[in-house]
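Here is a short briefing for a first look at a protein model. Keep the sequence and the 3D view open while you read.

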Amino acid sequence: MTKNNDVHAVPAEVVMDFLKKTMPFNELEPDELNSLAKQCQIDFYPKGTRIFQQDVTEVMHFFLIQKGGVRIYLQDEGGGITLKDFRGEGEYFGALPIIQETKANLNVETIEDTFCFLFSKEAFLHLVRSSPRVAQYYLKSFSEKLVKTAYHELRQRKVGPRLESGLYLFNARVGDIVKGVPRAIVSSDSVQFAAAEMARHRIGSLLVNDASGKLAGIVTDKDLRTKVVAVGLKYETPVSEIMTEVVHKIQSHSVCFDALLKMMSNRIHHLVVESNEEIIGVITTHDIMVLQGTSPIYIFREIAAQREAEGLYEIAGRTSQVVRSLIEDGAKANNITRMITVLNDHILEKLLSRLVVELGNPPVSFCWLLMGSEGRREQTFMTDQDNAIIYSNPVNEKQAKAAEEYFKVFGEKAIEHLVKCGYPRCPGDIMASNPRWRQSYATWEGYFDRWIMTPNPEEVLNATIFFDFRGGFGDLELANALRKHLAAEAAKRDIFLLHLARDCQRTRPPLSFFKNLIVEKDGEHKDQLDFKTRGLVPFVDFARLMSLKHGVQETNTLVRLQLLQEREAMPRELYLEMIEAYEFLMQLRLVHQLQKLEDGKTPDNYINPKYLSDLEKRTLKEAFAVIQRMQNFIQYEFKLVNA
C-alpha cells in the first residue's frame with residue numbers, strides 16, 4: 001500500500017519530458033503541463049506489491065506508470081481471478097475511483113519493480129474539469145474497459161457453464177478455416193467434367209470462370225443432383241446452364257459468425273473467401289459446424305425442412321438455446337439480436353409461404369411489414385408482435401374488394417400461427433389482423449403524410465412504432481418505396497421533428513442528483529428498474545429522430561448511429577459513448593431475460609439493482625450518464641430552450 005514517507009518530490013522538468021510523450025497529457029498547453037508537473041511526486045513499488053485492494057483502498061492519487069508494470073484484476077469470493085489486465089510505461093490506474101468517488105474497484109499489483117508518478121486526487125479532478133480533451137480521453141477509456149469487464153462478469157456470474165466445449169464463432173477468422181486452394185473450371189466445360197473434378201479433389205463445389213478468366217458463377221454437388229441427375233439432363237451440357245451466377249463473397253478477416261449469418265440470410269451453403277481482392281478459397285456451413293461443434297444452422301435447417309406450419313411451433317421456442325450459446329461465447333448484444341432476427345425471419349417466411357399456398361395467390365402483390373423492435377432487427381425473447389400488410393394499389397373496385405377479403409383471412413391466420421409459435425399478440429392491436437393495418441400503398445402513404453404534417457401526441461406515438469418498419473416477406477419494393485417517401489418527407493418537416501425531439505427529452509435516465517439509481521417506489525415492480533423504458537428507449541428514440549432529420553433509411557439503432565457518425569451528424573465522442581452504453585444495456589437485458597426463462601418465468605425488462613455486482617452498477621450508471629449527454633445534444637441541436 002502507498003506510504004506517505006515513501007513518496008518523493010521529482011523535478012518538474014523530468015515530469016514534463018515524460019508527460020509530453022504520454023496521452024492525453026501531450027495535448028495540454030505548456031502552462032497547464034508545467035502546473036501539473038510541479039504537483040507531481042514519485043514512488044517506488046517492489047515487485048509483488050499490491051497497491052490497490054478492491055473495495056478496500058481509499059484512492060487518494062492518480063497513478064501514472066513511469067517504469068515497470070502492474071496487473072489489474074478482479075477477485076471473487078472464492079479467491080479466483082476473473083479478469084486480467086496488464087499495464088506498463090505510460091499507462092495509468094486510479095482515475096475511475098477518483099472520478100466516481102469510490103474505493104478501489106480493482107486489485108492492482110506490481111509484476112516487476114515499478115516507479116509511478118503520483119498526482120493528488122484534487123489535482124487530477126481539477127485537470128479533468130478544466131480540460132475537455134483529458135475528460136474525453138478518460139471517459140472513452142472507462143467506457144471501453146468497464147464495458148468489456150462487465151460483459152465478462154455478466155457471462156461468468158449470470159450464465160452458468162455448459163457441458164459442451166465453447167464456441168468459436170467470434171474468435172476464428174474465415175481465412176483460418178479455408179481448406180486448400182480454390183478449384184475452378186470454365187463455363188463451357190460439361191457437367192460430367194464438373195462431377196469428375198469434384199470427385200477427384202473430394203470437394204463439394206467448383207468456381208466457374210468465363211472465357212476471359214473472370215468469375216462467372218459457382219456449381220455445387222447439389223446442383224448436379226437436382227439439376228442434372230434428377231431431371232435427366234445430358235452429361236455433355238455446359239456447366240453454365242446449371243451454375244449459380246450470383247456468387248456471395250466474404251473477406252478473409254471476417255469472423256465466422258458473420259459468415260454463418262450471411263449464409264443463413266441468403267439461404268446458401270457456400271461463400272467465396274477473398275483477401276486483398278484475390279479469391280483464396282471457399283467455405284461451407286459444414287466447415288463452420290465442424291469448427292463449432294454445434295451451430296444455429298441446425299435450427300435453420302429444421303425450419304427449412306418443415307412442410308406444415310404446425311411443425312414450426314416447437315422450433316420457434318428453441319431460440320433461447322441459440323442465445324445461451326452465443327452469450328457463453330462472448331457475443332455482444334448486436335450479434336445476438338441479429339441471429340434472433342434471422343431465425344425469426346425464416347420462421348415468418350416459412351409460415352407465410354405456406355399460407356399463400358393454402359389460400360392461393362393474392363389478387364395484388366403485397367408485403368408483410370415488421371415494426372418496432374422487429375423492424376429494427378433488435379428482437380430479444382419472443383417480442384410482442386408489431387406487424388402490418390401493405391399491398392399494391394388496386395386498379396378497380398372489384399380488385400379492391402378481392403384484396404380486402406383475401407388479406408383479412410391471410411392476416412388473421414398469420415397472427416394465429418405466430419401466437420402458437422410463441423410470439424405474443426400486441427397489446428395495442430398493431431397487427432395485420434386489425435383491418436386498419438392492412439391497407440393499400442396509397443393508404444399507407446396517406447397515413448405517414450398525416451402523421452408528419454399534423455403531429456400531435458398520438459401521431460408522435462405512432463412514429464415511435466411505425467417509422468421503424470421494414471419489409472419481412474413478399475414484394476419488398478413496396479416497403480422500400482414507402483421508406484424512401486418517408487425519408488424524403490420527414491426531413492422537410494421541421495415542426496414534426498421538433499415534436500419528436502421534445503418527446504426524446506421526456507424520459508429521463510434513472511439517476512438522482514447524487515448519481516444513485518432510481519427505482520420504482522411502489523406497485524408490482526417496487527424496488528426494480530425499468531431498464532428498457534428508462535435505459536434503452538432513449539437511444540432508440542435518438543437514433544430514429546436523427547435518422548429522420550438526415551434522411552437515413554436504415555432502421556437498426558446501431559447502424560443508424562454509425563451512418564449518422566459517417567455523415568458527421570453527431571460528435572464522434574458521443575457516438576462512441578452511445579454504442580458502448582447501448583450494447584451494455586442490451587446485453588444486460590438479454591442475460592436477465594435468459595435467466596428468467598431458465599427459471600421458468602416470463603421474460604421482462606425489470607431488474608432489482610441489489611442483485612447487480614458493484615461493477616455492473618457502476619457500468620449501468622455510466623450508461624445512464626451517456627443518456628444525459630445525448631439529451632443535452634438534442635436540446636442544443638433542436639434549440640429546445642424549455643427542455
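A polar atom in the side chain of Arg470 lies 2.9 Å from the backbone oxygen of Glu374. Such a polar contact is a pair of N or O atoms within 3.5 Å; within protein, one must be able to donate a hydrogen and the other to accept it, and residues adjacent in sequence count only if both atoms are side-chain atoms. The model is predicted: local features need pLDDT of at least 70, side-chain atom pairs count only at pLDDT 80 or more, and totals for chains, interfaces and linings use all residues. Residues are numbered from 1 along each chain as its sequence is written, and side-chain values use heavy atoms, with hydrogens and water left out.

- Arg470 belongs to strand β19, which covers residues 470–474. Helices (H or I, at least four residues) and strands (E, at least two) are DSSP runs, numbered from the N terminus.
- Arg470 is buried, at a relative accessible area of 8%. Buried means under 20% relative accessible area, exposed over 50%, and partly exposed in between (1.4 Å probe, protein chains only).
- Leaving out residues up to four places away in sequence, Arg470 touches Thr341, Asp345, Trp368, Leu369, Leu370, Glu374, Gly375, Arg377, Gln379 and Ala479. Contact here means heavy atoms within 4.5 Å.

**The chain as a whole**

- The protein chain holds 24 helices and 21 strands.
- Of its 643 residues, 52% are buried.
- Take the contacts between residues at least 6 apart in sequence: 72% of them join residues at least 24 apart.

**Gln439 in a strand**

- Gln439 sits in strand β18, residues 438–440.
- The side chain of Gln439 reaches the backbone oxygen of Pro435 at 2.9 Å.
- Gln439 also touches Ile389, Ile390, Tyr391, Trp444 and Tyr447, again not counting residues up to four places away in sequence.

**Helices α23 and α24**

- Two packed helices are described by the angle between their axes and the distance between the axes.
- Helix α23 (residues 572–598) packs with helix α24 (residues 614–637) at an angle of about 135 degrees, and their axes are 9 Å apart. Axes are lines fitted to C-alpha atoms, for helices over the stretch in contact, and angles run from 0 to 180 degrees between N-to-C directions.
- α23 and α24 are therefore oblique to each other. Angles under 35 degrees count as roughly parallel, over 145 as roughly antiparallel, 65 to 115 as roughly perpendicular and the rest as oblique.
- The crossing of α23 and α24 is left-handed. That term applies if the near helix is turned anticlockwise from the far one by less than a right angle; clockwise is right-handed.
- On the α23 side, the contact is made by Leu574, Glu577, Met578, Ala581, Phe584, Leu585 and Leu588. The α24 side includes Glu616, Thr619, Leu620, Ala623 and Phe624.
- The residues of the α23 contact with α24 divide into 12 nonpolar, one polar and three charged. Ala, Val, Leu, Ile, Met, Phe, Trp, Tyr, Cys and Pro count as nonpolar, Asp, Glu, Lys and Arg as charged, and the others, Gly among them, as polar.

**Helices α21 and α22**

- Helix α21 (residues 532–550) and helix α22 (residues 557–566) cross at roughly 45 degrees, and their axes come within 9 Å.
- That angle makes α21 oblique to α22.
- The crossing of α21 and α22 is left-handed.
- Thr557, Arg560, Leu561 and Leu564 of α22 take part in the contact. Residues of α21 in the contact include Phe539, Val540 and Phe542.
- The residues of the α21 contact with α22 divide into seven nonpolar, three polar and two charged.

**Backbone details in loops**

- A cis peptide bond joins Met23 and Pro24, with omega about -5 degrees. Pro24 lies in the loop between α1 (12–19) and α2 (30–38).
- Arg202 is not a glycine, yet has a positive phi of about 55 degrees. Arg202 lies in the loop between α7 (191–201) and β11 (205–209), and is exposed at 79% relative accessibility.
- Asn276 is not a glycine either, and has a positive phi of about 50 degrees. Asn276 lies in the loop between β14 and β15 (278–284), and is exposed at 74% relative accessibility.
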